[in-house]
Amino acid sequence: MMQNDVQTRMKRRGRLGRDVQSKLGKTLQAYFDDVVKEGVPDRFKDLLQQYDERKDKGSS
Amino acid sequence: MPLEPSVREAMLSAVPSLRAFAISLSGNVDRADDLVQETLLRAMANIDSFQPGTNMSAWLFTILRNLFRSEYRKRRREVEDSDGSYADTLTSHPEQHGRIEFEEFRKALAQLPSDQREALILVGASGFSYEEAAGICSCAVGTIKSRVNRARTRLSELLAIDSADDFGPDQSTRAVLSAGGRR
């Protein structure tokens, strides 16, 4: 990372431009959605299932 | 008593974004999935304290965030992290999630202070309002806003974005974006 470069740019800029914000937003959303689209892994479905089964038995 | 079907449904439907949040926080899939598992176990054990009709997703995010922060604090104590080496493990761990296109972005995200990172993800990707994010992080709305702003500024510096056309040297990230970003 070129620290001086970054510092110079930070001094130069106050607020981020709308286009930059929109670009960042889209990348962040795409990065996040990349995981979201994997859905619910089986281990978590099983976890809730097992919890219910235990509770069923435990209450008797 | 077993979970109410509607409660179970709400929990499961929150899992994909909980995982994405956990991966963004921890930078590691295995640790993230453990965090999600722990979150669900806590939630089920404390389901009586969940108020029906309120936001299940926000409740689960709050639990996960608190778990992550206590783990993070513990880890920092253990390794006497001088504000950085733990962050380095976030960027260098081999079992990273995500396609190569997001490599640069993920590294930049990992370099943000964790309070800025979580605020940005809650508001910018998870779809929470500033008010909901403030509730999840137990802080003022204004604090969330300033963290999000600082996170955006820092990210744009790290990724060297000066304008929409200039997206650093990472061609593949640019390709993803021009292909539409949100799928």
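Helix α1 (residues 5-26) of chain B packs with helix α2 (residues 29-45) of chain B at an angle of about 135 degrees, the axes being 8 Å apart. Axes here are lines fitted to C-alpha atoms, for helices over the stretch in contact, and angles run from 0 to 180 degrees between N-to-C directions. The model is predicted: local features need pLDDT of at least 70, side-chain atom pairs count only at pLDDT 80 or more, and totals for chains, interfaces and linings use all residues. Residues are numbered from 1 along each chain as its sequence is written, while chains are lettered from A and ligands numbered from 1 in the order in which they are written.

**Packing of α1(B) and α2(B)**

- The two helices α1(B) and α2(B) are therefore oblique to each other (under 35 degrees counts as roughly parallel, over 145 as roughly antiparallel, 65 to 115 as roughly perpendicular and the rest as oblique).
- Their contact draws on α1(B) residues including M11(B), V15(B), L18(B) and R19(B), and on α2(B) residues including V29(B), D33(B), L35(B) and L40(B); two residues are in contact if their C-beta atoms, placed from the backbone, lie within 7 Å.
- Eleven nonpolar, two polar and three charged residues make up the contact of α1(B) with α2(B) (Ala, Val, Leu, Ile, Met, Phe, Trp, Tyr, Cys and Pro count as nonpolar, Asp, Glu, Lys and Arg as charged, and the others, Gly among them, as polar).

**Chain B as a whole**

- Chain B has nine helices and two strands, taken as DSSP runs numbered from the N terminus (helices H or I, at least four residues; strands E, at least two).
- From the N terminus, the order of elements in chain B is α-α-α-α-α-α-α-α-β-β-α.
- Of its 183 residues, 37% count as buried, that is, with 20 or more other C-beta atoms within 10 Å of their own; 12 or fewer is exposed, and in between is partly exposed, with C-beta atoms placed from the backbone.

**Domains of chain B**

- The assignment gives domain 1 (1-82) and domain 2 (98-183), with bounds from an automatic or database domain assignment.
- Eleven residues of domain 1 are in contact with 13 residues of domain 2.
- On the domain 1 side, α1 and α3 (56-79) of chain B each give two or more residues, and α3(B) gives the most, with five residues.
- That side of domain 1 divides into five nonpolar, five polar and one charged residue.

**S138(B)**

- S138(B) is found in the loop between α7 (130-136) and α8 (141-158) of chain B.
- Phi of S138(B) is near 45 degrees, a positive value in a residue other than glycine.
- S138(B) is exposed, with 10 other C-beta atoms within 10 Å.
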